[in-house]
Amino acid sequence: MTINDDTKNKAIQNVDLINSKTIKLREVCAAGEGWMTEVKKNQTLRIIDTEGNQAVDTLFISCTDTAERYSATDTLAQNQKLFLEMGSQLFTNRGQVIATITDDTCGRHDTLGGACSCESNTVRYAHDTYPMHSCRNNFMHTLATHPIAQKYDLNLRHVGPNINFFMNVPITPDGSLAFDDGISAPGKYVDITAQMDMIVLISNCPQLNNPCNGYNPTPIELVIYE
């Protein structure tokens, strides 16, 4: 997918926010695409919502033992909160802290709504949405093709409940989930500091059927610094 120069420039300008740090990686992930990298312990990954109202579906997997990965249930139980925010610790399925949210200009992030899929689109929207691109497709394609996935022998078994950074999924009075307009804005960001060497798998959500992306998926910028 082609990204225009204006979008690239807007994304790269956000690096000025951390220009006193040592930048290890700086990339733009196109709208609706997958992305993967390794983040070493004590390094920080900054995810920047370059144009606002973009959902970023994210998974974290331990480099040491890929059977250990981000757990939504452990994270919710340990933080005693339904939403993630600055200071939230991200726990694995073995009760260890894999990362911590150390800075956040958005306010809160969803860990309940999960990743969109062809199947869930047909249930939530209409049967004719089945061929539309989805986050689960992004996860599967990245795991099947990315060199880091091949290095660690990752596959579909490593996909589980994920975090949706910048996504607004409030709980309704009857206990249901609502997929509402985002609370982010252009240039908002979240910093995730690794507490162990970890693999980050992202789907820059291609969803077109609800307000989580403003019905218009846009690029994100990703910066690793220390």
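## Surface patch

Leu 82, Ile 171 and Leu 177 make up a nonpolar surface patch with about 230 Å² of accessible area together (patches: residues with over 30% relative accessible area and no salt bridge, nonpolar side chains being joined within 5 Å and like charges within 9 Å; areas: Shrake-Rupley method, 1.4 Å probe). Ile 171 belongs to the loop between strand E9 (163-165) and strand E10 (188-194), and is partly exposed at 36% relative accessible area (buried is under 20%, exposed over 50%, partly exposed in between).

## Basis of the model

The model is predicted: local features need pLDDT of at least 70 and side-chain atom pairs pLDDT 80 or more, whereas totals for chains, interfaces and linings use all residues. Residues are numbered from 1 along each chain, and side-chain values use heavy atoms, without hydrogens and water.

## Sheet

Six strands (DSSP runs of E, at least two residues) form an open antiparallel sheet in the order E1-E12-E3-E10-E7-E6; pairing requires at least two DSSP bridges. Strand E1 (23-29) and strand E6 (89-91) are the edge strands. E1 pairs with strand E12 (residues 220-225) over six bridges, and Val 28 has Glu 221 as its bridge partner in E12.

## Salt bridges

The whole structure contains seven salt bridges (Lys or Arg side-chain nitrogen within 4 Å of an Asp or Glu carboxyl oxygen). Arg 46 and Asp 103 form one of them at 3.8 Å. Arg 46 lies in strand E3 (residues 44-49) and Asp 103 in strand E7 (residues 97-104), so this pair ties together parts 57 residues apart in sequence. Arg 46 is buried at 2% relative accessibility, whereas Asp 103 is partly exposed at 23%.

Glu 38, Lys 40 and Lys 151 are linked in a salt-bridge network.

Technical notes
Helices (H or I, at least four residues) and strands (E, at least two) are DSSP runs, numbered from the N terminus. Buried means under 20% relative accessible area, exposed over 50%, partly exposed in between (1.4 Å probe, protein chains only).
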